[in-house]
Protein chains: 2
Amino acid sequence: MYKFEKLARSIHQMIEDGIWKAHDKLPSLREQSELSGYSLMTVLNAYQELEAQGWLYAKDKSGYYIAERADLEINSNKEILPAQEKIQINSVVFNYLKDTQAHDIVPLGSAFPNPELLFNNKFMQLLSQHAKRKNSYLNHPNMPPGNLELRQIIAGRYQLQGISCHSDDIVITSGALDALNLSLQALTQPGDFILLQETVFYGAWQAAERLGLNVVTLPDDPESGFDLDAFEKALKQYPIKVCWLMLNAQNPIGYTVSAIIKKKIAQLLFQYQVHLIEDDVYQELNFGKEKPVSVKHFDQHNMVLHCGSFSKTLGMGARVGWVFAGSYSNAIQHVQLMSTLTVSPLLQNALVDFVAHHHYEKHLRSLRRHLDQNKKRFYQELKGRLPEDCQIHYFPTGYFLWVELPESMDSQQLYIDLLEQKISIAPSLLFRPKHTAQNFIRLNCSFEWTDELATTLDQIIYQIKKNKKA
Amino acid sequence: MYKFEKLARSIHQMIEDGIWKAHDKLPSLREQSELSGYSLMTVLNAYQELEAQGWLYAKDKSGYYIAERADLEINSNKEILPAQEKIQINSVVFNYLKDTQAHDIVPLGSAFPNPELLFNNKFMQLLSQHAKRKNSYLNHPNMPPGNLELRQIIAGRYQLQGISCHSDDIVITSGALDALNLSLQALTQPGDFILLQETVFYGAWQAAERLGLNVVTLPDDPESGFDLDAFEKALKQYPIKVCWLMLNAQNPIGYTVSAIIKKKIAQLLFQYQVHLIEDDVYQELNFGKEKPVSVKHFDQHNMVLHCGSFSKTLGMGARVGWVFAGSYSNAIQHVQLMSTLTVSPLLQNALVDFVAHHHYEKHLRSLRRHLDQNKKRFYQELKGRLPEDCQIHYFPTGYFLWVELPESMDSQQLYIDLLEQKISIAPSLLFRPKHTAQNFIRLNCSFEWTDELATTLDQIIYQIKKNKKA
């Protein structure tokens with residue numbers, strides 16, 4: 001640890017302990033240097049570090065003061081992720097993605113639905129037809145914001161949901177992850193603060209890290225999925241620029257937040273002038289009669305950038321997503337032209353035909369029915385086998401089950417042990433890297449019930465019981 | 001301008017004027033504050049800014065000193081690009097890419113070869129066949145480092161050139177821009193120094209900006225294309241971590257650097273332990289008997305990450321590229337998994353068939369023949385029309401002509417004027433944003449000679465003459 005970090009840490013501790021209060025003036029650089037014995041430069045570096053972390057603010061010539069946010073205890077995870085933990089997350093995610101892709105692994109840790117359910121003969125046929133035609137590659141400029149007809153179709157789908165949308169509001173991206181990353185990059189500068197849910201898609205942590213952002217986490221709410229009071233507190237007290245939230249079939253937990261809460265979120269975003277990047281890749285995977293609404297439904301002031309995708313419903317090859325960017329369309333295209341650039345014109349053209357001719361809705365109906373069946377069966381079978389001190393968080397959307405193991409258990413160890421038996425699961429460390437309680441796993445329940453799957457579940461249960469005793 | 005920037009600028013001027021020499025100690029913060037009347041914080045910020053720019057270095061407790069690099073005058077462009085110019089480049093590139101893609105524009109400014117030459121019926125047929133097969137999507141894990149067979153094929157092509165290469169050395173990417181960007185991100189941290197050629201593909205400037213890197217530029221050498229002495233000076237004197245160079249059919253100028261110079265570059269890279277990201281997307285577009293070598297040929301120590309692509313030879317839809325990453329394969333996959341993620345499995349599978357069965361070599365032979373013919377004709381026609389005080393830089397590779405207009409002319413204005421007539425050209429501002437001489441344009445000469453093209457050339461000549469008088 002550098003000297004300035006030591007000094008920063010002890011000042012931080014004094015703030016935490018209530019010795020320094022909001023708007024107190026810190027000793028001048030010279031005074032602090034004489035007090036502490038550190039050089040002027042070390043003192044300045046420490047002050048600037050704390051300023052970057054939001055604990056202090058500077059007034060020119062006059063000196064450094066304690067920031068207001070230091071008064072608030074929103075949850076124990078509000079600190080900025082230290083560098084060494086960041087690296088750890090990346091390695092955990094990297095190894096997890098590598099392990100899960102191996103062909104001989106039972107992929108219950110996979111983030112993607114059962115590929116068998118995604119393949120659609122009509123879509124493959126359309127792709128095949130388009131692949132033979134020159135016009136499929138030439139007809140539309142292969143540049144941001146993407147194929148006009150596809151943007152019109154996506155805009156039309158928003159309109160059907162009662163959301164005012166024009167094709168110019170849409171930017172086509174290489175899947176949803178690209179949409180989310182581009183949006184975050186367009187809306188932030190390094191050092192900005194963003195808000196994430198406590199337990200969240202690991203890609204959000206990685207994006208924050210890559211862009212040099214500070215993360216404030218919002219505690220999970222086991223009831224509604226969303227703690228509005230904590231959310232408002234956070235917006236009031238932290239200099240948050242952007243929230244990145246998933247509120248429908250949330251990954252990894254699975255909850256869907258109510259329309260009433262979403263409406264209130266939209267109001268708060270406007271009130272505090274904070275943007276929302278809304279990750280809504282599972283919006284189509286609802287099993288109820290009505291499609292859940294999004295915060296975008298209630299967004300009158302272009303505070304929400306809504307991200308969706310065809311990748312989770314049509315298979316991994318179809319990496320076509322979008323962001324409803326509104327007036328930020330140009331900003332996003334700027335970033336896109338510097339990085340991911342284009343999206344396959346062939347895929348875009350085939351999607352136009354597929355969606356426009358109602359094949360997509362038919363495919364979604366079938367996909368939902370199968371996912372619903374598979375999930376229910378998987379849930380019943382798992383419930384019958386799991387020890388009593390384990391708990392399944394079941395929600396009737398998406399294709400994940402979030403399983404709570406006894407508090408003493410380490411899901412990372414369970415993951416390692418099962419991998420040796422060629423079974424992958426997703427341990428909670430992927431989704432809540434800062435949290436001390438790591439006794440959760442995410443299971444992909446999109447697979448059809450078979451004898452093999454029964455054996456796999458038995459192996460998992462056996463390993464859970466074994467690790468419990470250890 | 002902030003106060004600290006004013007102070008930094010005046011100190012910088014003193015270094016430039018030779019008042020401060022390498023290793024001179026600057027006044028302490030307190031002394032400088034008393035001398036200049038600025039606050040301690042302003043002084044510290046100014047010193048830190050200059051340190052970040054490489055003009056100063058700090059020794060703990062002891063203070064700030066003038067860095068050695070300040071003694072060297074490698075060329076007038078060595079300064080770091082100021083923020084306002086950075087933004088300007090992005091807007092220039094953005095508008096240029098937007099303008100050039102419009103369907104009613106004659107695309108002489110385009111970076112891509114004539115699409116008519118790229119379409120290959122066999123490749124479209126293979127794509128169409130693969131699109132119908134489930135296995136084309138499932139057969140290979142759709143994750144970094146990409147399709148094993150395709151990596152084996154690419155490794156085999158290196159081996160044929162006498163370069164030792166294993167499939168594990170290769171990472172498949174979404175085109176060459178992705179390969180270049182991922183390599184740069186994997187090898188650098190914000191604040192690092194990189195070296196670029198003075199006149200260079202604009203994507204290199206954009207990547208440097210996005211990653212917060214400092215850029216040292218190497219002056220163009222009109223004879224050999226590469227000034228080895230200046231290169232060695234730069235490596236000796238600047239803390240350069242990575243070079244990004246294009247040495248075959250260089251974009252935009254068109255020169256190909258000799259094998260002797262490339263060998264020497266490889267030696268210097270090893271000697272100074274500096275990595276090279278070698279942009280070699282036009283390696284296949286040579287019209288001579290022998291394929292030009294790359295610096296990678298002479299790289300015994302894994303200092304070179306060699307980037308190639310199928311996008312420039314098979315059309316914009318086929319955004320499949322690669323980086324010969326060697327031991328950096330894992331580092332690049334880490335970055336890839338956080339950002340661009342996957343490359344179309346369908347395209348990769350179709351490419352495997354296409355390349356393995358020698359269709360690609362056949363396609364390349366035909367492409368080269370047409371490009372050679374079109375370029376020669378275009379060159380003759382342009383030469384016959386251009387005023388005497390203009391000069392064409394002709395090289396027998398690639399599909400660009402680099403045209404030097406009279407010194408007094410502004411190619412950006414010519415670009416704007418021609419755009420009104422629905423003709424796009426690429427002005428030098430895209431490639432040398434820092435340079436004061438902006439009297440160059442890049443013309444795409446991959447199109448077949450027609451009466452329409454003759455008319456377009458006449459319009460360009462007319463506009464050049466008109467602007468010369470103005």
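## Chain A: overall fold

In chain A of this predicted model, 73% of the contacts with a separation of 6 or more are between residues 24 or more positions apart. The chain holds 18 helices and 15 strands. Its radius of gyration is 24 Å, close to the 23 Å from the globule rule for 470 residues, so chain A is as compact as a globular protein of that length.

The C-alpha trace of chain A spans about 75 × 60 × 40 Å along its principal axes. Of the 470 residues in chain A, 52% are buried.

## Helix α15 of chain A

Among the buried residues are A:Leu346, A:Leu347, A:Leu351, A:Val352 and A:Phe354, along with A:Gln348 and A:Asn349.

The buried residues of α15(A) pack against helices α6 (121–131), α7 (135–138), α8 (148–160) and α16 (359–385) and strand β4 (170–173) of chain A. Just after the helix, A:His358 has a positive phi of about 65 degrees.

## Contact between chains A and B

Chain A contributes 47 residues to the contact and chain B contributes 48. On the chain B side, the helices that each supply at least two residues include α3 (40–52), α4 (83–101), α9 (175–187), α14 (329–338) and α15 (345–356). By class, the side of chain B that touches chain A comprises 24 nonpolar, 18 polar and 6 charged residues.

Definitions and conventions:
Residues numbered from 1 in each chain as written. Chains lettered and ligands numbered in written order. Predicted model: local features only at pLDDT ≥ 70, side-chain atom pairs only at ≥ 80, totals over all residues. Contact = placed C-beta atoms within 7 Å. Helix = DSSP H or I, 4+ residues; strand = E, 2+ residues; numbered from the N terminus. Nonpolar A, V, L, I, M, F, W, Y, C, P; charged D, E, K, R; others polar. Buried ≥ 20, exposed ≤ 12 C-beta atoms within 10 Å, placed from the backbone. Rg over C-alpha atoms; globule rule 2.2 N^0.38 Å.
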